[in-house]
Amino acid sequence: APLPLRHHHLKSFQLPRRGDPYTGRVPLMFNVDMTCSRCRPATAMAAGYDFYRNGQSDDIIFVWGGGGWLETNFGRLRYRQDDYIVIPRGTIYRLVPDDIAKEDYLILESAHPVRIPARYLHPEGQIRMGAPYSERDFHGPTELGPTEQEGDFAILLKDRARLTKVVMASHPFDVVGWDGYLYPFTFNANDFEPLTGTVHLPPPIHQTFEIRGYVVCTFAPRWLDHHPEAVKVPWAHDNTEADEVLFYVRGQFGSRKGVEPGSFTLHPQGIPHGPHPGTTLKSFDAQRTEELAVMFDTQYPLQLTPEALAMDDPDYPLSWLG
Ligand SMILES: [Fe+2]
């Protein structure tokens, strides 16, 4: 039977470590356009394969904790805490963490390509002045370093729910060069330039990526609205056309009580939500927020997995009663 329509608060902080960055993903929410997972890997690479390839989806890996090298057939690049690592489908890759015990990810698998919102782009294709980031903030692979080796190189290939092991007779990174516009890159959430107004500015100012069927937004540390009578937390609202998910990365969250780093809130379309009692008045004297959060809003409703329901706070819908 379908679950009753209500708000959800999932606490993922205590998720046990398991698997590697590919098989250790725990799907929490999904619809036809995307799957959101948390992953706290126990090992850098499980036995039996050497590389991973998502054949059906683009991977957005938000690095909540950890850092290391992303090795791909396009070359390698460093990743660090708070990076969004965007890996187009078909890329052969592996993460080589500096310290596996610190690795902790939020992973969004997208059925459609991950794009920069059109309104941030000049018709010639460059990122516009005034966009919340510039070309300088996007880091592509370097150090191609062709690897000339023969032997058995196994790739764990994912297409939708199916996993296939593909074995190549030579190293998949035996590449001397490549050309084109599609390659993995990193963008660090702390490089997102937030905007502030005299009064509360709407969520599109936080938009970071655009994908058919959903958007990804970054709530970066920022100055708050500065009109003397500004309400500095998002007022009560109704997402009439989107399910709204926030992943709380760190800091104090002005509009919410009870959420902690690692929490997700899911506020579905169909019912309104707003600041928790007391938070509006409390916000009047605040000048800055140091919160960092990742939001994704989906066009189609999200379904929760049994793993998500196991970390759901059943009393969350009552939390607005004070
Ligand atoms: Fe909201």
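Strand 18 gives the largest share of the lining of the largest pocket, namely three residues. Before going on, a reminder that this is a predicted model.

Let me stay with that pocket. The volume of the largest pocket comes to about 930 Å³. Its lining is made up of 46 residues, and those nearest the centre are Val 233, Pro 234, Gly 254, Ser 255 and Glu 291. Besides strand 18, the elements that give two or more residues to the lining are strand 17, helix 1, strand 20, at 288-289, and strand 21, at 292-298.

His 237 has a relative accessible area of 25%, so it counts as partly exposed.

Now to His 9, which sits in strand 1, residues 8-11. With a relative accessible area of 3%, His 9 is buried. Its side chain makes a polar contact with the side chain of Ser 263, at 2.8 Å. Leaving out residues up to four places away in sequence, His 9 touches Gly 258, Val 259, Ser 263, Phe 264, Met 311, Asp 312, Asp 313 and Tyr 316.

Asp 82 is not a glycine, yet has a positive phi of about 75°. Asp 82 lies in the loop between strand 7, residues 75-79, and strand 8, residues 83-87. The relative accessibility of Asp 82 is 3%, which means that this residue counts as buried.

The other one is Glu 143, again not a glycine, with a positive phi near 50°. Glu 143 is found in the loop between strand 11, residues 138-139, and strand 12, residues 150-159. Is Glu 143 buried or partly exposed? Partly exposed, because its relative accessibility is 48%, while exposed would need over 50%.

Last, Tyr 183. Where is Tyr 183 placed? In the loop between strand 13, residues 162-170, and strand 14, residues 185-188. Tyr 183 is partly exposed, at a relative accessible area of 31%. The C-alpha atoms of Tyr 183 and Thr 72 are 9.4 Å apart, although 111 residues separate the two along the chain. Not counting residues up to four places away in sequence, the contacts of Tyr 183 are Phe 74, Val 86, Pro 88, Gly 140, Pro 141 and Trp 178.

Technical notes:
Residues are numbered from 1 along each chain as its sequence is written. This is a predicted model: local features need pLDDT of at least 70, side-chain atom pairs count only at pLDDT 80 or more; totals for chains, interfaces and linings use all residues. Side-chain values use heavy atoms; hydrogens and water are left out. Helices (H or I, at least four residues) and strands (E, at least two) are DSSP runs, numbered from the N terminus. Buried means under 20% relative accessible area, exposed over 50%, partly exposed in between (1.4 Å probe, protein chains only). A polar contact is a pair of N or O atoms within 3.5 Å; within protein, one must be able to donate a hydrogen and the other to accept it, and residues adjacent in sequence count only if both atoms are side-chain atoms. Contact means heavy atoms within 4.5 Å. On a 1 Å grid over the protein atoms alone, a cavity is a set of points where a 1.4 Å probe fits but cannot get out, and a pocket is an open set with protein on both sides within 12 Å along at least five of seven lines; lining residues have an atom within 4 Å of a point. Grid points are joined across faces, edges and corners, and a volume is the space filled by probe spheres set on the points.
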